[in-house]
Amino acid sequence: MNSAVMLGLVLLGTYGLTALVLSGLVVLVWNAGLKQKAVGSTELLVLRLLPAAGGLLVVLTVVLPAFLSHEPHQQREAAGPVLVVLAALSFLALALGGWRSWQAFRTARSLLGNCGPAGRWVVAGGQKVKVVNVPEPFVAVVGGWRPRIVATECVISACSEEEFQQVIAHEAAHVSARDNLKQLLVIASPDALSWTRVAADLTRRWRAAAELEADQRATENDPRKRVALAAALIKVARAWGAAQRVRPVLSMPVASDDVEARVRKLLAPPDPLPPKLVSAKAVAWCALLIPVAALPLYSCVHKLVEALVRLGL
Amino acid sequence: MRHPQREKVGITFRGRGSGLGPLETRLLELLWVEKCALTVRYLHMAFPDLAYTTVMTTLDRLYRKGLVLRHKHGRAFAYQPRYARDRLLSELISGHVTDLLGVSRESTVVLSTLVRAVGRTDTALLDELDALVQAERSRLKLGEK
């Protein structure tokens with residue numbers, strides 16, 4: 001087999017194997033009791049992205065240099081069926097992840113493109129907001145890389161000025177936390193975990209945690225702001241009901257459980273967010289340490305890769 | 001400009017949710033400004049930086065999306081907007097919002113909405129929550145006094 005093809009198979013196969021092992025680990029940890037605990041949004045996101053990010057890190061910083069430095073040149077060898085199957089599955093996962101992210105990017109761009117010539121700009125709470133005139137009470141941060149806040153006229157008319165400012169402060173909190181970019185990474189994540197229920201659980205819990213954190217950052221624990229945001233949530237939820245009556249084709253009722261939990265949380269005395277078990281700095285240090293720690297193990301890693309290449313032959 | 005052989009098109013809004021490209025938007029903007037049917041040749045004069053065929057293809061795409069009407073004007077086609085500007089843009093965005101918040105699309109869309117629209121509206125529950133908000137507001141006002 002051509003050495004370039006073999007290198008491609010090795011990279012894809014080892015990525016698939018690493019991501020598979022890490023996905024299994026995440027499923028085990030989650031089902032072992034972590035799902036019952038109050039976990040912050042950072043930890044949930046790290047768990048969700050661990051298989052793909054870990055797989056990529058190991059392949060690019062450990063497997064690739066080990067293979068290039070120890071593989072004899074000009075040597076042709078055959079790949080075993082296990083490596084081929086792993087490589088094919090990885091390719092499929094990467095292609096699906098790429099497709100999902102392209103779809104997400106295209107949809108967001110399309111919405112922003114249509115909002116471009118329509119509506120008007122307003123400045124609320126120091127944020128530029130595109131306001132469009134449609135029947136749905138839509139307020140959102142749209143887009144991954146350069147997110148923009150879009151609101152509809154009916155939200156402005158339903159809310160008082162103070163309430164609308166809190167709504168925009170909530171969306172601005174999403175922008176500053178780069179929640180949409182994180183969402184794009186979750187959507188694109190090419191791993192075996194995406195095909196399990198744990199991935200859906202982790203994503204749902206991460207979204208809910210991100211919403212609560214955005215509420216908290218927007219209101220800065222000020223009771224007046226908390227009440228204003230709670231009132232706005234109820235008004236937007238009510239407006240969804242009205243929009244459904246206006247437009248029977250729209251079958252998207254509001255998630256009352258989502259609104260209820262957030263309103264009750266906003267009206268209760270503010271409690272501190274769950275302590276951070278994982279810091280972004282610690283994750284970055286681990287990511288830097290892995291390639292350094294693997295330097296003396298290149299020969300061993302190469303032997304393992306060779307065993308994987310020949311497995312099943 | 002007269003429209004002697006106007007073609008019949010379906011009344012459904014086929015372009016809904018499909019979005020408009022930048023060139024489609026530019027052409028539609030010009031058609032809205034001119035308020036009459038325009039030929040490709042006329043529109044091309046307004047966009048000299050574009051190839052004639054590009055203008056023609058884009059107008060044909062708008063026609064297939066159901067966003068413009070076209071009729072024979074001599075040997076050429078003349079195009080005019082099918083919807084008023086505000087109505088079309090509002091419909092497009094509304095269609096997008098519906099698509100974006102649809103249950104099946106929720107996991108594959110890059111947006112953070114204030115309220116997720118995936119459950120069931122419960123008016124009684126919203127009334128109860130509203131009462132709680134009013135009570136808290138009154139409590140805060142009393143505290144300020």
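Of the 313 residues in chain A, 43% are buried. Keep in mind that this is a predicted model. The chain A fold comes to eleven helices and four strands, and its C-alpha trace spans about 75 × 40 × 30 Å along the principal axes.

**Contacts and core**

- If you take the contacts in chain A with a separation of 6 or more, 79% of them join residues 24 or more positions apart.
- The largest nonpolar core has 106 residues, and A:Ala230, A:Leu233 and A:Ile234 have the most contacts inside it.
- Helix 2 of chain A (residues 41–70) gives this core its largest share, with 13 residues.
- As background, nonpolar side chains tend to be buried together in soluble globular proteins.
- Let's zoom in on A:Ile234: leaving aside neighbours within four places in sequence, A:Ile234 touches A:Val259 and A:Val263 in chain A, plus B:Leu126, B:Leu129, B:Asp130 and B:Val133 in chain B.

- In chain A, helix 5 (residues 161–176) packs with helix 7 (residues 197–219) at an angle of about 120 degrees, and their axes are 8 Å apart.
- Because of that angle, helix 5 of chain A counts as oblique to helix 7 of chain A.

- Most residues other than glycine have a negative phi.
- A:Arg178 has a positive phi, near 55 degrees, and is not a glycine.
- You'll find A:Arg178 in the loop between helix 5 and helix 6 (179–188) of chain A.
- A:Arg178 counts as partly exposed because 14 C-beta neighbours lie inside 10 Å.
- A:Asn221, also a residue other than glycine, has a positive phi near 60 degrees.
- A:Asn221 sits in the loop between helix 7 and helix 8 (223–246) of chain A.
- Is A:Asn221 buried or exposed? With 12 other C-beta atoms within 10 Å, A:Asn221 is exposed.

Definitions and conventions
Residues are numbered from 1 along each chain as its sequence is written. Chains are lettered from A and ligands numbered from 1 in the order in which they are written. This is a predicted model: local features need pLDDT of at least 70, side-chain atom pairs count only at pLDDT 80 or more; totals for chains, interfaces and linings use all residues. Axes are lines fitted to C-alpha atoms, for helices over the stretch in contact, and angles run from 0 to 180 degrees between N-to-C directions. Helices (H or I, at least four residues) and strands (E, at least two) are DSSP runs, numbered from the N terminus. Angles under 35 degrees count as roughly parallel, over 145 as roughly antiparallel, 65 to 115 as roughly perpendicular and the rest as oblique. A residue is buried if 20 or more other C-beta atoms lie within 10 Å of its own, exposed if 12 or fewer, and partly exposed in between; C-beta atoms are placed from the backbone. Two residues are in contact if their C-beta atoms, placed from the backbone, lie within 7 Å. A nonpolar core is a set of buried Ala, Val, Leu, Ile, Met, Phe, Trp, Tyr and Cys residues joined through C-beta atoms within 7 Å.
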